[in-house]
Every structure is written in C-alpha cells, then in structure tokens.
Amino acid sequence: MSSNIKITRICQHCGHEFVAKTTVTKYCGDDCAKRAYKARIKKQKIAESEVETQKLRNTPYVAVKTLESLTVREAAVMLQCDPRTIYDMIEQGRLNAINLSVRKTRIHKKDIDALFSNKSTIVNSQNSSVDFDKQPSKKDCYTVGEILSRYGIADATLRRIISIHKIPKYSNGKFVYIAKQDIDSIFKRLIVEDS
C-alpha cells in the first residue's frame, strides 16, 4: 500500500527542503541518511575515546601513589613533568636514584617527597634563580644570535657551553641576553687551550 502523503520537510543533514512521503522522514535521500549515520558513529567513537583517555589520565597517578619505588616515567607522572626533567634532576644530584641496568632506573618515593621539604629547592621571592638587580645592561650583553655569528658556533654548542659553565641568561621580550664578560672569558680560555 502506497502513501499519498506529501509533506515539505527540511533535511536534518544538509538543510535543504524536500518533499517527504511519510511523517517521520528525516533526510532528503539515501546519501544524506548515510552521511548522517557516519557522522553519528564518528561522534560516538570520539566520545568513547575521550572517556577512555580521561581514565588513562587518572589511573597512572592513582597507581603511582601506592608504589614505593618508581620508574622515571612514573616519577614524571607524579610530579606532572616531562621524564627528561627527572633525568636532569638525577644528573644534577637533586634527586637520588639507582640504576639497576640499562633503562631500569628506580627512584624511591620518599626521595621525591624529600624534594618538597628541602629548603634549597623551594622557590620563593627571595630565592630566585636570576637576580634582576644584578642584571647587566643590554650594552654589556650579547644576544644568542650575536654570539653564534661572532664565534661561528652552532646553537647546540652554545647551549652546552652555557649549561656546563652555568652562565646566567637574562630574557627581555623575545630576546635572551648573556653577559659579554661571561662569554668572552670562556672563549678566550678555549682559544688559549687550543693553541
């Protein structure tokens, strides 16, 4: 039995008007119905993925809280930082760790807790890494680009020299400044050693 109903409706997918033969028709044709179905499935999968991601975000922290010795990655989750930061802290001697074998570094949880009770690691307004009162003027500083072109070195080499010699850097806007006397003394020493 065919229907003699002709109702003007608007497609719920493309938004165009069409003539429907039933009162429950939502789409103007088979293409729009298939596209709407795919969009619904995609939206559902995204929602499920977000729920799963949120579970994964919450689970490691809960699991880490119950452990006594942590891997570097677990310590990074606990401190909410990058694993490279944990390795840097170990290399600098700020965090105790034991190396069981290759890629088997373990950190005791009480050592991480001790970081927060150690007064030398606590940051406050009196103990900041850069003292702005002692910051040299811009005319007494090089920018990073000036150092690279003056001494003909690579950016990675300069970063390593700054790290090894613990040279203070001063940022102002988008530029990083380094005192001329700090850099010049190091390169003079390096030139004397080479000759």
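Residues are classed as buried when their relative accessible area is under 20%, as exposed when it is over 50%, and as partly exposed in between (1.4 Å probe, protein chains only). By this criterion, the buried residues of helix 4 (residues 109-117) are Lys-109, Ile-112 and Leu-115. These three residues span an arc of only 105° around the axis, the arc being that of the directions from the helix axis to the C-beta atoms, and are therefore placed on the same side of helix 4. Lys-110 and Ser-117, on the other side of helix 4, are exposed.

The structure is a predicted model, in which local features need pLDDT of at least 70 and side-chain atom pairs count only at pLDDT 80 or more, whereas totals for chains, interfaces and linings use all residues. Residues are numbered from 1 along each chain as its sequence is written, and side-chain values use heavy atoms, with hydrogens and water left out.

The protein contains 7 helices and 8 strands; helices (H or I, at least four residues) and strands (E, at least two) are DSSP runs, numbered from the N terminus. Of the 195 residues, 18% are buried. The exposed surface comes to about 15,400 Å², of which carbon and sulfur atoms supply 52%; accessible areas come from the Shrake-Rupley method with a 1.4 Å probe, and for residues only the protein chains shown count as cover. A contact is defined by heavy atoms within 4.5 Å. Among contacts between residues at least 6 apart in sequence, 35% join residues at least 24 apart.

Strand 1 (residues 7-10) and strand 2 (residues 17-20) pair in the antiparallel sense over 4 bridges, where pairing requires that DSSP find at least two bridges between two strands. The two strands form a hairpin with 6 residues between them, and Gly-15 in the turn has a positive phi of about 85°. Arg-9 has Phe-18 of strand 2 as its bridge partner. In a regular strand the side chains alternate between the two faces of the sheet.

Strand 3 and strand 5 (residues 105-108) are joined over 2 bridges in the antiparallel sense, and Leu-70 has Ile-107 of strand 5 as its bridge partner. Thr-105 is located in strand 5 and counts as buried, at 14% relative accessibility. Beyond its neighbours within four places in sequence, Thr-105 is in contact with Leu-70, Thr-71, Val-72, Ile-90, Ala-97, Ile-98 and Asn-99.

In helix 2 (residues 72-79), Val-72, Ala-75, Ala-76 and Met-78 are the buried residues. Viewed down the axis of helix 2, these residues fall within an arc of 160° and so line one face of the helix. An α-helix has 3.6 residues a turn, so residues three or four places apart point the same way.

The largest nonpolar core has 11 residues in all: Leu-70, Val-72, Ala-75, Ala-76, Met-78, Ile-86, Met-89, Leu-95, Ile-107, Ile-112 and Leu-115. A nonpolar core is a set of buried Ala, Val, Leu, Ile, Met, Phe, Trp, Tyr and Cys residues joined through side-chain atoms within 4.5 Å. Helix 2, helix 3 (83-91) and helix 4 are the elements that give two or more residues to this core, and helix 2 provides the largest share, 4 residues. A second, separate core of 10 residues includes Ile-161, Ile-162, Ile-178 and Ile-183.

With a relative accessible area of 70%, Gln-80 is exposed.
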